[in-house]
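Here is a short walk through one model. Keep the sequence and the coordinates in view as you read.

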Amino acid sequence: KAMAASSVITVDLSSLKDSARDQLHLLPVAIESDGSAKVEQYFSPAVRHRDGELQVSYRGRALQGRDLPVPPGYVGLILKEDHKPCLEEEDRNVSVKSSFSSVTYWNLGSPPTEDDGVVMAMGWTQIAEALHAPVEEQ
């Protein structure tokens, strides 16, 4: 009888105090890279603010976006793993590379709406808190 293997992921939160604050962009594209990019140099200066919306062109395609704040009481983290495990079952250790307080979310051809999955996900913390709050007997 085979048992499902499990591993533990440990986050080194002591690295949070020394981490950088980053501006995070969520683009509707697939980029075949896991490395860093010079976003500040090539992307951010081109963002136009018009009528409360953000607009930019990426490789000739118009993107429309909006800033989504991380829910109150939370902080966004970008984690890095210095040593990749050889086996799936091996425990993993990650540290904080940077943190963020908002995400600039981009759509191709249409502005982000309240019905977009990313926008709805930012509201999930309020739903989770309500679900897990103590219930008072009446």
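Start at H25, which sits in strand β3, residues 24-26. Strands (E, at least two residues) and helices (H or I, at least four) are DSSP runs numbered from the N terminus. The model is predicted: local features need pLDDT of at least 70, side-chain atom pairs count only at pLDDT 80 or more, and totals for chains, interfaces and linings use all residues. Residues are numbered from 1 along each chain as its sequence is written, and side-chain values use heavy atoms, with hydrogens and water left out.

H25 has a relative accessible area of 17%, so H25 counts as buried (under 20%; exposed is over 50%, partly exposed in between; 1.4 Å probe, protein chains only). The side chains of H25 and W106 make a polar contact of 3.0 Å (a pair of N or O atoms within 3.5 Å; within protein, one must be able to donate a hydrogen and the other to accept it, and residues adjacent in sequence count only if both atoms are side-chain atoms).

Now move to strand β7, where I78 lies. I78 is partly exposed, because its relative accessible area is 24%. Its contacts (heavy atoms within 4.5 Å) beyond four places in sequence are D22, L24, S95, V96, K97, S98 and F100. How far apart are the C-alpha atoms of I78 and F100? They are separated by 8.0 Å, with the two residues 22 apart along the chain.
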